[in-house]
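I hope they are handy as you click through it.

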Amino acid sequence: PKTDIVFLKVHKSASSTVMNILFRFGETHNLTFAFPIGGGNQLFYPRHFLASFVQGFSPSSPQRFNILCHHMRFLQPEVHKVVSSSAFYFSILRNPVKLMESSFAYYKGASAFSRVRSLEEFLSQPYHYYNPTYGDRHYARNLMTFDFGFNPDGEVSAERLQLMLKAIEASFDLLLISEYFDESMVLLKEMLCWDLDSVVSFPLNIRDSSTKFPLSDTTVQKIKDWNRLDWEIYTHFNRTFWERIDRDIGRERMRREVKALRQRQGELARTCLQGTGSVAPKHIKDSSLKPLQHGSARILGYNLKQGLDKETERMCRRLVTPELQYSSALYKKQFPPKSP
């Protein structure tokens, strides 16, 4: 199994669920994480990543970490300084239309969105609300482009797009697609030589459907035009994703693997969870399992069954622990607080 991994955690793309998979694998195999200094949950995002943002990194004796997966704005030469040269790089993309709708709910406080009532209102005259010089502008335009380290306001020329796609292809071994999450996990398992249980997950950091709104065809088109760089990245890597599946796995085997993954997830849900799945924040009984609430989104969580044996309880708890709590626990384990 591969144990040196860089995951570019692209915002609002099922990346919290992927992060939980990496946290669990890292914890089970006693791997080290490249944590933000002080144990925060972002590597000084939205600044471009620097090796000096990582707790325990020092240029004089560069320590290599196994897993780098916290939010960052990608800058490969700096990433190289903190992971082994043979590390496996991957990321996950999401349809920019869904991504923008999600971003609007989640980052309602961002400067570009704070003065509008709806996404439609913003898109009717985006430059009226959007200012390219503001530090939080990226939440409102080409968010994936930004996370990969590029300029979200760059011109959309065929030449520039080619350079951008080539740069991403040169840096990353695998780009997953969140709309095909299960297929993505099968592909990831294959590439990393992991077993099935390592990539099973419950969806984390997801919104209650009451805060999601359908978009008209006109709005969808406006979102694609406004996020043209993201749209080009997404369509390109959605295509190469399926080419990869056809080449390395085949559709028939993929169907079987996805079925096995879903069956295992169902088994774990019946073992671990009260009820059938996620619940609204107010119904989460264990406060340590409550996800952070953000913007106008209502983030769902889980309740564990009572009376599980110790070993099962520990496995189940790992599956449903929200990102911030899990990250903080792993940080304390890797950097134990010094006793006074």
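Predicted model: local features only at pLDDT ≥ 70, side-chain atom pairs only at ≥ 80, totals over all residues.

1. Arg73 lies over the face of Phe146, at 3.7 Å from the ring centre. Arg141 places its charged end over the ring of Trp226, 3.9 Å from the centre of that ring.

2. With Tyr130 it forms an edge-to-face pair, 5.1 Å centre to centre and with 90° between the planes. Tyr130 lies in the loop between α5 (126-129) and α6 (143-147), while Trp226 belongs to helix α10 (residues 217-226), so the contact ties together parts that are 96 residues apart in sequence. Both Tyr130 and Trp226 are buried.

3. The pair is part of a wider group. One aromatic cluster takes in Phe104, Phe113, Phe122, Tyr127, Tyr129, Tyr130 and Trp226. Across the structure there are 30 aromatic pairs. Among them are Phe49 and Phe53: their ring centres are 6.3 Å apart and their planes stand at 90°, so this pair too is edge-to-face. Phe49 is buried, with a relative accessible area of 0%, and Phe53 is buried at 5%.

4. Now to the charged pairs, of which the count comes to 25 salt bridges. One of them joins Lys81 and Glu78, at 2.7 Å from N to O.

5. Glu179 and Lys98 form another salt bridge, with their closest N and O atoms 3.8 Å apart. Glu179 is in the loop between β4 (174-177) and α8 (181-192) and Lys98 is in helix α3 (residues 96-106), so the bridge ties together parts 81 residues apart in sequence. Both ends are partly exposed: Glu179 has a relative accessible area of 25% and Lys98 one of 41%.

6. Which parts of the chain does the bridge between Asp182 and Arg262 link? The closest N and O atoms of Asp182 and Arg262 are 2.6 Å apart. The two residues connect distant parts of the chain, with Asp182 in helix α8 and Arg262 in helix α12 (residues 251-272), 80 residues apart. Asp182 is buried at 14% relative accessibility, whereas Arg262 is partly exposed at 47%. Salt bridges with shared partners also join Lys189, Glu190, Arg253 and Glu257 into one network.

7. On to the strands. In a regular strand, side chains alternate between the two faces of the sheet. In β4, Leu174 and Leu176 point one way and Leu175 and Ile177 the other, and all are buried. Strand β3 (residues 88-93) runs parallel to β4 and is joined to it by 4 bridges. Across from Leu175 in β4 stands Ser91.

8. Last, a geometry check on helix α11 (residues 228-248). At 1.5 Å a residue, its 21 residues should span 30 Å, and the end C-alpha atoms are 30 Å apart, which agrees. After α11 comes Gly250, with a positive phi near 90°.

Note on methods
Residues numbered from 1 in each chain as written. Heavy atoms only, no water. Expected span 1.5 Å × (residues − 1). Salt bridge = Lys/Arg side-chain N within 4 Å of Asp/Glu carboxyl O. Buried < 20%, exposed > 50% of the residue type's maximum accessible area, 1.4 Å probe, protein only. Pairing = 2+ DSSP bridges. Phe/Tyr/Trp six-rings, centres within 6.5 Å; stacked < 30°, edge-to-face > 60°. Lys NZ or Arg CZ within 6 Å of the ring centre and 35° of its normal.
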